[in-house]
Amino acid sequence: MLHEPAAQSGKDPAFAYKRALGTKMFWAYAIFYIGFIVINLLKPVLMEATVVAGLNLAVVYGFALIIIALILALIYNQACSKREAELSKTEGA
Amino acid sequence: MAEILPVALFVLFVAFVLGVSFYFAGKAKSASGYYAAGGSIHWGVNGIAFAGDYLSAASFLGICGMIATAGYDGFLYSIGYLAGWIVALFIVAEPMKRLGKYTFTDALDANFDSRGIKLLAAISTLVVSLCYLIPQMVGAGVLVTPLLGLPHYVGVIMVGAIVITIVATAGMTSTTYVQFMKGGLLLIFSTVLVIALFFRGLSTTPDQGGRVPFLEYRTMTATELNGTVMPEDTQYSVLEVMKSGSSSFAKLSKNSETSWWKLSTKEGHTELAQTQWTAMGANGSVTINGAPASKKNQLALTGNMEKIAGKTGDEAKTGSIGPFKFLALIGDKESSIIRWKEAKLVDGTDKVTVYYRVSTPGNKILRPGLKFSLEGTPLERIDFVSLMIALFLGTAALPHILIRYYTVPNPAAARKSTIVAIAAIGLFYILTLYMGLGAMTGGVVNLTDNNMSAPLLARSFGTFLFSMISAIAFATVLGTVSGLIIAASGAVAHDLLDRYGKVIKNDKQKVMVGKLTAFVVGFIAIILGIIFKGVNVTFLVGLAFAVAASANLPSIVMMLFWKRTTSQGITASILVGIISSIGLILFSPTLFSLYGLDPSTAPIPLNNPGIVSIPLSFVTLVVVSLFTKGLSKAKAQA
């Protein structure tokens with residue numbers, strides 16, 4: 001009993017598109033993340049190498065993992081919002 | 001002033017939080033209002049509340065503490081915790097919102113209506129929430145001692161009582177706004193602290209802006225003849241030499257006062273280095289550095305740079321520096337940092353803990369390897385991989401995070417709030433590296449509890465910043481614990497008693513049971529918080545991630561992406577995930593240390609179970625689903 005949703009959400013015509021895009025972007029990021037682990041496992045000394053502005057690879061890669069996550073998230077949202085708007089227009093027409 | 005301000009800010013903060021709770025109490029009369037804030041929270045608010053929920057004591061206190069003692073290895077947690085949000089955004093956010101109602105069990109069970117899923121997913125929610133609660137409560141205890149001068153257990157009880165009040169009055173609505181406020185303040189004041197750090201710069205003799213004189217530790221040469229050590233300073237005589245592992249320590253006497261020194265011999269050159277130490281007598285009395293322990297006689301705070309790019313003393317002082325220069329100088333191979341390690345000795349009836357200095361080159365500080373031995377045994381490297389996997393996969397499986405998706409009106413809002421969360425949390429995690437390194441090089445590391453590194457760093461900039469940071473850290477605990485208790489309430493009232501047991505008769509009863517559960521879970525959390533005092537909170541949260549990633553994530557992912565998934569497969573996967581991850585943790589070396597046993601005798605050599613338990617849970621789901629596919633079809637046809 002009482003198994004009602006907190007808020008109703010309607011049908012989402014963009015669902016398949018978003019799922020496919022999300023999966024692709026997930027794997028792109030996962031490969032980048034795995035790369036970090038692999039370097040640390042196989043050649044940890046490489047992490048000491050200075051890459052830019054006196055910062056070593058460990059710091060640059062670590063910050064990149066955080067910043068690229070945000071960039072991918074923004075791209076994903078832009079693409080999803082665009083597709084949602086297009087499809088809702090088509091449906092409305 | 002020094003004592004009134006922290007207390008006043010703390011009281012103001014708690015009063016405000018309770019005021020918010022009572023204000024929203026009227027909105028929590030229905031189940032939807034109580035468990036999901038009526039699904040009416042704006043995505044921007046929800047995003048910051050996500051940050052407030054997620055940036056727990058582990059993130060703020062634990063990560064900064066671990067970076068302060070183990071350098072970059074602590075930052076690995078920041079990277080892993082943030083990366084986990086990618087899984088949440090791309091895979092979980094919108095489907096969870098679409099399928100779920102109040103709890104993640106709803107979403108998991110949406111296509112099955114299985115009693116097994118309801119039962120196991122609710123149990124999993126309770127287990128993960130309890131695992132996550134422990135470090136938060138430990139963090140609360142850690143904070144009140146320097147802030148209010150109260151014992152650890154009082155802090156734990158206070159947090160328990162306040163959180164129970166927040167949750168029991170207005171459920172998810174008050175929890176959301178407490179988390180929103182705390183998330184925002186945490187970001188603002190952490191940024192202020194880091195900017196202050198850049199203005200101060202680096203020095204080999206940190207004196208907290210002139211507040212605390214830099215403590216110079218002595219090193220003297222000695223001669224060793226036929227096993228007898230003779231210090232260069234003849235006022236000292238050696239009483240005994242003891243070994244702990246590969247390190248040697250000498251007990252010296254000068255004018256009938258004794259002290260412990262680290263004894264080292266390199267290329268025929270013998271050296272004695274001054275240490276700090278505590279000794280516990282058979283009658284329980286504690287002495288610190290030779291005098292009885294008291295409020296005034298405590299171990300001195302530690303941590304400083306020995307060399308900055310090859311320079312020492314006044315020549316090394318940088319003055320104000322930018323964020324890149326700050327990291328470049330610490331990570332320079334010509335820089336070195338003094339860290340402190342500890343050794344346990346038995347001296348007659350006394351149990352002695354000696355804290356001694358170790359010089360670590362900067363290039364080793366700013367790369368992984370000090371805590372996770374990447375050039376060590378294969379097992380140590382597997383442990384590192386295991387941790388990184390659990391952190392990556394754990395976030396999207398945390399019940400108290402997943403229920404935030406039910407507080408927004410639609411899937412698009414769920415997505416947008418996740419992106420706000422990634423921005424806020426990402427910024428904060430970058431700041432953790434600076435705060436941790438600032439503590440490590442600023443002489444503010446507490447030798448017995450590194451969890452206090454961030455607040456103590458703030459204290460080095462004056463009382464106001466310390467008071468704000470401490471009050472926010474306390475709010476951090478309140479926000480996260482509230483979320484955890486709401487998740488546990490939902491699991492008991494909605495999943496177990498309503499949907500599984502079918503004993504809930506109406507909406508009002510469901511809210512009432514939720515509030516009662518908040519009391520019970522809060523009480524259990526208080527007890528666990530007292531028992532686990534002194535354990536690094538980030539380590540404990542890392543384990544909670546491993547349990548969540550093992551018990552919940554395989555089911556969520558496979559339910560969304562593999563059509564042949566059956567309810568039996570999900571049930572078995574959750575069960576195997578819980579048992580295997582907790583079983584591996586209980587018999588791990590770290591837990592053996594906690595039990596007071598020799599860690600090398602632990603039957604499971606891994607500290608992080610994810611690399612075994614997560615694949616095991618996936619495999620279980622696949623195998624059981626394949627075997628029960630026919631069974632499910634027959635049931636559906638019947």
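## Two helices side by side

Let's start where α1 of chain A meets helix α5 (residues 72-99) of chain B: their axes come within 9 Å and cross at roughly 165°. (Helices are DSSP runs of H or I with at least four residues, strands are runs of E with at least two, and both are numbered from the N terminus. Axes are lines fitted to C-alpha atoms, for helices over the stretch in contact, and angles run from 0 to 180 degrees between N-to-C directions.) That angle makes α1(A) roughly antiparallel to α5(B), a label for angles over 145 degrees, while under 35 is roughly parallel, 65 to 115 roughly perpendicular and the rest oblique. The crossing of α1(A) past α5(B) is left-handed, meaning the near helix is turned anticlockwise from the far one by less than a right angle; clockwise would be right-handed.

Who does the touching? On the α1(A) side you'll find A:K18, A:G22, A:T23, A:M25, A:F26, A:Y29 and A:Y33, and on the α5(B) side B:A83, B:I86, B:V87, B:F90, B:I91 and B:E94. A contact here is a pair of residues whose C-beta atoms, placed from the backbone, lie within 7 Å. Sorted by class, the residues between α1(A) and α5(B) are 9 nonpolar, 2 polar and 2 charged. (Nonpolar covers Ala, Val, Leu, Ile, Met, Phe, Trp, Tyr, Cys and Pro; charged covers Asp, Glu, Lys and Arg; the others, Gly among them, are polar.)

## A note on the model

Keep in mind that this is a predicted model, where local features need pLDDT of at least 70, side-chain atom pairs count only at pLDDT 80 or more, and totals for chains, interfaces and linings use all residues. Residues are numbered from 1 along each chain as its sequence is written, and chains are lettered from A and ligands numbered from 1 in the order in which they are written.

## The whole interface

Zooming out, 40 residues of chain A are in contact with 57 residues of chain B. On chain A's side, α1 (15-42), β2 (55-56) and α2 (57-92) each supply at least two residues. The biggest giver is α2(A), with 14 residues. By class, chain A's side has 26 nonpolar, 9 polar and 5 charged residues.

## Chain B as a whole

Chain B has 22 helices and 13 strands. Its radius of gyration is 26 Å, close to the 26 Å that the globule rule gives for 638 residues, so chain B is as compact as a globular protein of that length. (The radius is taken over C-alpha atoms, and the rule is 2.2 Å times the number of residues to the power 0.38.) Of those 638 residues, 57% count as buried, which takes 20 or more other C-beta atoms within 10 Å of the residue's own; exposed takes 12 or fewer, partly exposed is in between, and C-beta atoms are placed from the backbone.

## One residue up close

B:K307 sits in strand β10 (residues 302-307) of chain B. With 19 other C-beta atoms within 10 Å, B:K307 is partly exposed. Leaving out residues up to four places away in sequence, B:K307 touches B:T204, B:T312, B:A316, B:E334, B:S335 and B:S336.

Notes:
Two residues are in contact if their C-beta atoms, placed from the backbone, lie within 7 Å.
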